[in-house]
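Welcome to this short briefing on a protein and its ligand.

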Amino acid sequence: PEFNPIGQLTTQEAQQEIAKWQDELTQYGVAYYEKDAPLVEDYIYDAIYARLVDLESKFPQFVTPDSPTQNVGGANKSNLPKVIHPAPMLSLGDVFSLAELDEWDERTTKSLGFQSAYNLELKIDGLAVALTYVKGRLIQASTRGNGMIGEDVTTNVKTIQTIPQVLQEPLTIEVRGEIYMSKASFAALNLQREVDGLEPFANPRNAAAGSLRQLDARITKKRDLSAFVYYTAEPEVLGVTTQSGALKRFAELGLPTDTHNQVVTSMLDAENYIDQYTTQRDDLSYGIDGVVVKVNQLDNQLDLGNTVKIPRWAIAYKFPPEEALTVVHDIEWTV
Ligand code: NAD
């Protein structure tokens with residue numbers, strides 16, 4: 001979409017445009033998160049979101065607490081029981097070019113006072129889940145929901161083969177990661193849905209979300225979901241001080257981890273990693289929509305902290321859309 005230069009807007013025009021995009025993104029969010037049936041392609045959502053961030057930063061008097069920029073998008077209006085997260089489950093800030101990534105690195109370097117090492121991870125195209133283990137046993141699994149309150153999907157998650165019900169060590173810890181559907185399972189599911197006369201899922205992420213957030217865990221079981229764990233708010237339980245160290249410990253505990261991560265100490269190496277997976281993403285058996293760059297030292301992560309919505313110690317570099325995608329919903333682009 002094309003937008004008018006912000007400098008040319010009157011205050012009233014800016015206010016109207018902000019309200020318009022807040023409403024529109026909220027509607028898209030409902031379709032995407034609650035119904036698992038997006039109305040527009042992600043790159044369109046992302047472009048409007050970036051425009052709204054820009055407008056709100058120039059006209060902060062029009063930022064409202066319910067603006068999509070101030071809230072972690074998610075669903076918890078289903079009939080699934082609710083779970084309050086001990087620590088909020090956040091989203092990620094995103095950038096769409098290497099130039100923007102460099103700017104993020106410069107800001108981070110300035111805040112820390114030195115160039116940090118980064119752990120680079122693939123951005124798995126699924127939905128976030130929190131897994132609570134008590135003395136090594138899986139006792140609860142929940143979705144991100146609105147970041148504060150998620151949905152209880154314990155029975156459903158217990159049908160996922162790659163998630164251990166018992167850890168290799170009797171630890172009490174909450175870990176977080178991504179539930180996803182492999183490309184092969186996604187293709188098979190959509191084929192079956194067409195045969196059954198059902199609407200196919202738009203992408204593996206929506207298919208994973210729709211399959212996990214079922215009241216009947218037997219349906220989830222048939223959907224062949226997988227998972228990767230990438231985070232804990234309690235690294236002291238693992239005795240680790242780095243993000244890359246946490247990933248190693250997760251694997252030792254028997255938790256599924258994505259092994260494509262890499263620690264880099266320069267932005268040149270980060271760009272090479274991004275280039276590599278921009279071309280190799282098709283060869284992976286699961287969908288990725290970008291690369292997540294994370295400050296590797298956990299004490300530095302704490303120093304940088306979080307906003308209400310995103311950590312300052314990580315950023316998602318999003319891949320450009322793969323092909324010319326169709327817009328499945330009419331929107332007015334001119335404002
Ligand atoms: P996001 O999906 O862009 O990024 C945050 C999420 O990335 C985390 O919550 C986590 O679940 C996931 N993730 C995957 N791999 C990870 C890793 N290695 N480390 C850490 N996190 C990892 O943000 P979001 O808030 O979940 O969703 C916003 C995005 O959803 C938008 O950018 C847009 O693309 C899409 N969306 C689309 C529509 C639409 O109508 N098409 C509507 C709403 C949202």
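## A site to start from

UniProt, in an unreviewed entry, lists Lys 123 for "active site"; its positions are given in the numbering used here, feature names are shortened, and annotations may be inferred rather than shown by experiment. You are looking at a predicted model, in which local features need pLDDT of at least 70 and side-chain atom pairs count only at pLDDT 80 or more, while totals for chains, interfaces and linings use all residues. Residues are numbered from 1 along each chain as its sequence is written.

**Around Lys 123**

- Lys 123 sits in strand 3; helices (H or I, at least four residues) and strands (E, at least two) are DSSP runs, numbered from the N terminus.
- Lys 123 counts as buried because it has 22 C-beta neighbours inside 10 Å.
- For burial, a residue is buried if 20 or more other C-beta atoms lie within 10 Å of its own, exposed if 12 or fewer, and partly exposed in between, with C-beta atoms placed from the backbone.
- Leaving aside neighbours within four places in sequence, Lys 123 is in contact with Ile 288, Asp 289, Gly 290, Val 291, Val 292 and Ala 316; contact means that the C-beta atoms of two residues, placed from the backbone, lie within 7 Å.

**The whole chain**

- The protein chain has 11 helices and 11 strands.
- A compact globule of 335 residues would have a radius of gyration near 20 Å, and the protein chain agrees, with 20 Å; this radius is taken over C-alpha atoms, and the globule rule is 2.2 Å times the number of residues to the power 0.38.
- The C-alpha trace spans about 60 × 55 × 40 Å along its principal axes.
- Of the 335 residues in the protein chain, 37% are buried.
- Take the contacts between residues at least 6 apart in sequence: 75% of them join residues at least 24 apart.

**Two domains**

- The protein chain is divided into domain 1 (6-70) and domain 2 (82-318), with bounds that come from an automatic or database domain assignment.
- Five residues from domain 1 and eight residues from domain 2 take part in the contact between them.
- The side of domain 1 that touches domain 2 has two nonpolar, one polar and two charged residues.
- In these classes, Ala, Val, Leu, Ile, Met, Phe, Trp, Tyr, Cys and Pro count as nonpolar, Asp, Glu, Lys and Arg as charged, and the others, Gly among them, as polar.
- The centres of domain 1 and domain 2, taken over C-alpha atoms, are separated by 25 Å.

**The ligand**

- How many residues surround the ligand? There are 24, and the closest are Tyr 32, Pro 38, Asp 42, Ser 91 and Ala 128; a residue is near a molecule if its C-beta atom, placed from the backbone, lies within 6 Å of it.
- Two or more residues of the shell come from each of helix 1 (11-34), helix 2 (42-58), strand 3 (118-124) and strand 4 (127-134).
- By class, the shell holds 13 nonpolar, three polar and eight charged residues.
- The ligand lies between domain 1 and domain 2, because both give residues to the shell around it.

**Helix 6, an enclosed helix**

- All nine of the nine residues of helix 6 (residues 204-212) are buried, so this helix is largely enclosed by the rest of the structure.
- Its buried residues pack against strand 4, helix 4 (154-157), strand 7 (173-181), helix 5 (183-195), helix 7 (217-222) and strand 8 (225-232).
- Arg 205 has its place in helix 6 and is buried, with 24 other C-beta atoms within 10 Å.
- Beyond its neighbours within four places in sequence, Arg 205 is in contact with Asp 125, Gly 126 and Leu 127.

**Two loop residues with positive phi**

- Most residues other than glycine have a negative phi.
- Asp 36 has a positive phi of about 55° although it is not a glycine, and it lies in the loop between helix 1 and helix 2.
- Is Asp 36 buried or exposed? With 21 C-beta neighbours inside 10 Å, Asp 36 counts as buried.
- Asp 224 also has a positive phi, near 55°, and lies in the loop between helix 7 and strand 8.
- Asp 224 is partly exposed, with 17 other C-beta atoms within 10 Å.

- Pro 320 is in the segment after strand 11 (314-318) and is exposed, with 9 other C-beta atoms within 10 Å.
- The C-alpha atoms of Pro 320 and Tyr 43 are separated by 7.9 Å, although these residues are 277 residues apart along the chain.
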